[in-house]
Amino acid sequence: MKLEELWIVVSKEVMDAVRDRRSMMAGLLFALLGPFVLAGVLKALIASEVDAGARPLHLVGAVHAPGLVRHLEAAGVTLQASEDKPDSLLARSPGAVVLEVPAQAPGELAQGRTATLALWADMADDGARRQAQRVQALVAAYGAQLSGQRLLGAGVAPQQASALRLELRDMGGQGGRTALILGALPLFWLLGLFVGGSHVALDATGGERERRSLEALLAQPVSPGTLFIGKWLTASLFGYVSSAAALLLSVVALERLPLYEVGIAFAPGAALLVQMLLVLLPLALLVGALQCVVALHARTHKEGQIYLNLLQLAPMLLMVEELGPASPGSAHLLPLLSQHAHLGALVGGQALAPQLVAMSVAGCLGATALLIAFGSRRLGSERFVFGL
Amino acid sequence: MIVVNNISKRFQALRALDGVSFTARPGTISALLGPNGAGKSTCLRILYGLLAPDSGAVAIDGIDVARAPLAARRRLGIVTDEFGLYERLTPRDHLRYFGRLHGMRGAMLERAIERVIGEVGLEAEAGRACKGFSAGQRIKVALARALLHDPAVLVLDEPTRGLDVMSTRAVREALMRARGRGAAVLLSTHVMQEAAQLCDQVVVLAAGRVRFAGTTPALLAQTGSSGLEQAFVEVIGSDEGIAA
C-alpha cells in the first residue's frame with residue numbers, strides 16, 4: 001500500500017509540475033543554456049586556434065632565400081610570397097605576419113657575415129604574436145644550421161660553438177584553452193540538478209503552505225512521510241532530467257564541433273554516458289531532498305525562491321575547491337565535490353575507482369536519508385505545520 | 001459517530017481547550033458554535049488528528065484518533081479551515097487525487113467523482129483548472145472532496161464563511177443530503193442562524209469550554225430567552241461572569 005500511495009503522490013506532483021509549463025521551460029532552458037553557450041565559445045576558440053596554425057606567412061624577398069623557404073615549408077608553414085613593402089602589406093591585412101629577406105642577404109651569407117632579416121608583426125595581436133614566435137624559433141633554428149655548416153667548414157665541431165640549447169616544450173600548445181573549457185562542462189551538468197527541480201520543490205512544499213492547501217492534504221489518510229517522500233522524488237526527478245538533458249545536449253553539441261582539429265577527443269560512447277548519468281543520480285536525490293527541506297521552511301514563494309537561489313550557488317564552490325588525485329579517499333564522502341571529480345575524470349577519459357564511487361554514493365545517500373527523516377518529521381509536527 | 005471525551009489543549013500560556021466533551025450521532029448535524037477564538041478550529045484539528053490533545057481522547061466510529069489517525073481519517077470527510085486548491089489542477093484532478101489517497105480506484109472512483117460533482121453543482125467547472133475560481137466554486141471543490149468517499153463522519157470548519165447566498169444554500173443542501181445518508185455531520189460556525197436552521201444539536205464553545213450541548217429549543221428553554229441570539233449571549237456571558 002505504501003508504494004502505491006507514494007506513486008499516487010508522485011504522479012499528482014508530476015502532473016502539477018508539468019502543467020506549470022513556464023516554470024518548467026524556464027528551468028530547462030537555464031540548464032540547457034550553459035552547454036549551448038559553452039559550445040559557442042568552444043567553436044570560436046577552435047576556429048582561432050586552428051586559424052593560428054594555418055594562417056600564411058607573408059614572405060617578402062623569397063627569391064633571396066630558397067633554403068629558408070624549404071626549411072619553413074618543411075616545418076609546415078604556409079608561405080605566401082609577396083613583392084610589396086611589408087608596411088603596406090600590414091596596412092592591407094592587419095594581423096598578418098611578414099618576414100622580409102633583404103636583397104643583400106645572399107651576398108652577406110656568402111661572405112660569411114650575418115644577414116639581417118626582419119619580422120613584421122603586431123605583437124599586441126594574439127594570433128600574430130603566436131605566429132611570429134613560431135617563425136622566430138624556426139628562423140633561429142635555420143640560422144643555427146647555417147652556423148653549424150660554417151663551423152664545420154672552419155674545422156670546428158658545431159656543438160663546441162653551442163654550449164647550451166633550450167627547447168621549448170609548449171604544454172599549452174594547440175587546444176590548450178579548449179581543454180580548459182571542456183573541463184568546465186561537468187559544472188553545467190551539476191548546475192542542472194539545482195536548477196531543474198527548484199521550482200518543483202518550492203511549489204510542492206512551501207507552496208502548499210502559501211496556497212493554504214497543506215492542512216487539507218495532511219488531514220488525508222496518508223502519512224506525512226509518504227507525502228514528503230513523494231514530493232522529494234518529484235523534485236529530484238525534475239533536477240535529474242534537467243541535468244541529463246544538459247549532459248546529452250553537451251555531447252550532441254560537442255560532437256558537431258571539430259575538436260579533433262585542436263587535438264582533443266571528446267566523443268563519449270553509450271557506456272560512458274551511462275556512467276556519467278549514474279554518477280549524477282545520487283546527487284540528484286540529495287539536491288532534491290535539500291531543496292524540499294529548505295523550501296518547506298519558507299512561508300512565502302518569494303522567501304523560498306531566495307533560499308533556493310542561494311542553494312544554486314553551491315556548484316560555484318567547485319571553482320574554489322575541488323578534489324584531485326592527491327585528495328584522501330574519504331574526501332569522496334563529500335557530495336558535489338566527489339561527483340565533480342568523477343565527472344571530470346570521465347570527461348578526461350579516465351576510469352573510476354570503484355571504492356571512491358562507493359564512498360561518493362554512500363555520502364549522498366546518507367545525507368539524503370537524514371534530510372528526508374528531518375523533512376518528514378517537520379511535516380508531521382503540529383508546531384511546525386501550524387506555526388505554533 | 002464522533003465521541004469527544006474530555007479533551008484539553010494548551011498552546012504555551014493559552015489554554016485553548018479545557019475538558020471539552022460532546023457526541024455527534026449518525027444521521028444528525030451538529031454545530032460547534034462559538035465566538036472567534038473559542039477553540040473551534042483547535043477542537044476540529046484534534047478531531048482529524050493534526051493536533052494531539054494534552055489529555056482526553058477523540059473516537060471516530062470507535063477508532064481512537066490519537067492512536068490510529070490514518071484509520072480514523074479514512075472514515076472522515078474533512079473541509080479544513082483553509083482549503084487552498086492546486087491552481088493548475090481541475091476539480092476532477094483534485095477529486096481523483098484525494099479519492100486515490102482514500103484508496104478508491106478505477107470505475108468506482110470515476111462514478112463517485114461524477115456523483116459528487118453533480119451533488120455540489122460543479123458540472124460546468126469540473127474540467128477547468130481551479131485558477132481564478134470564486135469562493136463559492138472553491139468551497140464546492142473542497143466539499144466534493146470531503147463527500148467523495150461517502151464518509152461516515154463529515155467535519156467542516158466554518159464551511160459557509162465568506163460565501164454568497166446561493167453557495168451557502170448549496171453547502172447546506174449537501175450537508176442535509178449527507179445527514180439523510182446517515183452520516184454524522186459536525187460543522188463549526190459563529191453564525192447562530194445557521195446553527196438554528198440546519199443543526200439537530202448545538203455545542204456552544206467559549207474560551208475553550210463547552211457551555212451548552214443540546215437542541216436549540218433546549219438552549220432557549222435553559223436560558224429562558226425568546227431569541228437565539230439572546231440565549232447565545234446568555235450562555236457565554238453568564239459563564240464569563242463566573243470566570244470573572
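**Helices, sheet and chain contact**

Author: In chain A, α17(A) passes α18(A) in a left-handed crossing, a term used when the near helix is turned anticlockwise from the far one by less than a right angle, right-handed being clockwise. Helices (H or I, at least four residues) and strands (E, at least two) are DSSP runs, numbered from the N terminus. This is a predicted model, in which local features need pLDDT of at least 70, side-chain atom pairs count only at pLDDT 80 or more, and totals for chains, interfaces and linings use all residues. Residues are numbered from 1 along each chain as its sequence is written, while chains are lettered from A and ligands numbered from 1 in the order in which they are written.

Reader: At what angle do α17 and α18 of chain A pack?

Author: Helix α17 (residues 337-347) and helix α18 (residues 354-379) of chain A pack at about 145°, with their axes 9 Å apart. Axes are lines fitted to C-alpha atoms, for helices over the stretch in contact, and angles run from 0 to 180 degrees between N-to-C directions.

Reader: Which residues make that contact?

Author: α17(A) contributes Ser338(A), Gln339(A) and His342(A), and α18(A) contributes Val357(A), Met359(A), Ser360(A) and Gly363(A). Contact requires C-beta atoms, placed from the backbone, to lie within 7 Å.

Reader: Where is the kink in α14(A)?

Author: The kink, about 25°, lies at Leu281(A), shortly before the proline Pro282(A). The bend at a residue is the angle between axes fitted to the seven residues ending there and the seven starting there.

Reader: Changing topic, what is the strand order in the open sheet of chain B?

Author: Its 6 strands follow the order β6-β7-β8-β3-β9-β10, with mixed pairing. Strands pair if DSSP finds at least two bridges between them. β6 (76-79) and β10 of chain B stand at the edges with a single partner strand each, so one side of each has no neighbour in the sheet.

Reader: How many bridges join β9 and β10 of chain B?

Author: There are 5 bridges between β9 (residues 201-206) and β10 (residues 209-214) of chain B, which run antiparallel. Val204(B) has Phe212(B) as its bridge partner in β10(B). The two strands form a hairpin with 2 residues between them, and Ala207(B) in the turn has a positive phi of about 50°.

Reader: And how many residues does each chain bring to the contact between chains?

Author: Chain A gives 20 residues and chain B gives 24 residues. On the side of chain A that touches chain B, the largest share, 5 residues, comes from α1(A).

Conventions:
Contact = placed C-beta atoms within 7 Å.
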